[in-house]
Amino acid sequence: MNAQPTASLFIDGRPVEGEGAALPVFYPYTGQEIATLREASTDQVALACQAAARAQPAWAALAPVDRARVLSRAAAIIRARNDELSRLETLDTGKPIQETLIADWESGAQALEYFAGLGPTLTGQMIPLGRDWAYTRREPLGVCAGIGAWNYPSQIACWKAAPALIMGNAMVFKPSEETPLGALQLAAILTEAGLPAGIFNVVQGGGAVGAALVTDVNVAKVSLTGSVPTGRRVYAAAAEGMRHVTMELGGKSPLIVFDDASLEDAVGAAMLANFYSSGQICSNGTRVFVQEGIRDAFLRRLAERAATIRMGDPLDAETQHGPITSPAQAEKIRAAIAAGQAAGARLVCGGPGEGAFIPPTVFADATDDMTIARDEIFGPVMTTLTFRDEAEVIARANATGFGLAAGVFTQDLTRAHRVTAGLQAGTCWINAYNLTPVEMPFGGVKQSGIGRENSAAAIEHYSQLKSVYVGMGPVEAPY
């Protein structure tokens, strides 16, 4: 269970030990300390940003295909080492190994591979203006700050690094202090793949380190994955320097099940949308609206299938449901469950659990004003609500400050498209849920975020357009 890295930070192409406070790393399943890192000092954050600023111009000057080769090699290295990387991810997060083998580093490799392929195709635009003409250049921003979350630490690091690097930017990445190990592996892999020193750096620490990073004079762009309160603070700090921002924040997403939906598919999707990764996914469909005609059958089948979910040792290949990542988060989830019961919602299955484990939990007979239907819980807690018709459920689904995701289950595809058009969410699924291929943009609206990750849309958030006017004749001036 020893996961001690060579050093806590990665600055200017090499491991560097942190100069700040100790940062213990615990295996969520046993509570065992598996590594002890040290936070970056304020000076070390500045050094990382300075290294990135020095290295970035030469990296940007390379042909896009040369940058792409580095990302492609990194993707290949990740796939070759997926087993060991996935085991480390399980130790860091507590997620079952059957998840991390397919959904974490593999997703990161797909992002690196996708943007490696996309990079050499990116061009500007030629604009004819009669005798004269103009053209545009898509250029890098410079140094990008990435701030990750603890639920998908390595995937998030890759999702942010891939579009930033292919565009010729440098990055200083701060993982969550809860799950700091994967980003160091990514830095080492990128270096092995040929990334020049200083282009991808890792600093560790909590809010103070994040604040130093976001406000560093060399940083031109900030990309955060985190909670809405954290997003507000980071957004305000970034605004002081007129920095570009991407914010992928929290949600309380609706999953709408009409009475003509496939019951098995809808139940399966609702479980995926609430219990995968022990419910610790920002886009989860935690408000499940079920049409009156199938409510009882839906709840009955949901309870039957939830009872078969296997909890246990995350390193056991048969385990489907792992521990909550931290004791503090487990207590927050338990407080939410208690609040739901106190408000009068009916507990269909699950409950507070014991120790690091909270079982798959389902509430019924909930109302829209209950805290379990309003606030993000970030745990395996599903709140089901009943609705009568389409207009009603759209209005209720949108009655939230969040707008990250939404899902619709129905056999009437005309209705499916009509409903998704009316939902205030950045990402919607029809007869599916929580599938986030790198080819598709991902992000929220309202309080759930700004900007998009993945797909060609991400390039717009890691680059800027320069317009060039070309005069082809004498200058006409009235002077």
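**The salt bridges, up close**

Modeller: Let's start with arginine 418, which is partly exposed, its relative accessible area being 42%. Keep in mind that this is a predicted model. What does the side chain of arginine 418 meet in a salt bridge? The partner is glutamate 390, and the N to O distance is 2.8 Å. Now look at where the two sit: arginine 418 is in helix H15, while glutamate 390 is in helix H14, which spans residues 390–398, so this pair ties together parts 28 residues apart in sequence.

Aspartate 260 pairs with arginine 415, and their closest N and O atoms are 3.0 Å apart. Arginine 415 lies in helix H15 (residues 413–422), whereas aspartate 260 is in the loop between strand S12 (254–257) and helix H10 (263–275), so here the parts being tied together are 155 residues apart in sequence. Is arginine 415 buried or exposed? It's buried, because its relative accessible area is 14% and the cut-off for buried is under 20%. Aspartate 260, on the other hand, comes out at 27% relative accessibility, so it counts as partly exposed.

Next, hop over to arginine 79 and glutamate 113. Their side chains meet in a salt bridge too, at 3.1 Å from N to O.

Glu264, Arg301, Glu304 and Arg305, for instance, are linked in a network of them. If you're wondering about the total, the structure holds 24 salt bridges.

To finish, here's a residue from another angle: leucine 465, in strand S20 (residues 463–470). It's exposed, because its relative accessible area is 54% and exposed means over 50%. What is leucine 465 in contact with, once you leave aside its neighbours within four places in sequence? The list is Thr136, Arg137 and Arg138.

Key. Residues numbered from 1 in each chain as written. Predicted model: local features only at pLDDT ≥ 70, side-chain atom pairs only at ≥ 80, totals over all residues. Heavy atoms only, no water. Helix = DSSP H or I, 4+ residues; strand = E, 2+ residues; numbered from the N terminus. Buried < 20%, exposed > 50% of the residue type's maximum accessible area, 1.4 Å probe, protein only. Contact = heavy atoms within 4.5 Å. Salt bridge = Lys/Arg side-chain N within 4 Å of Asp/Glu carboxyl O.
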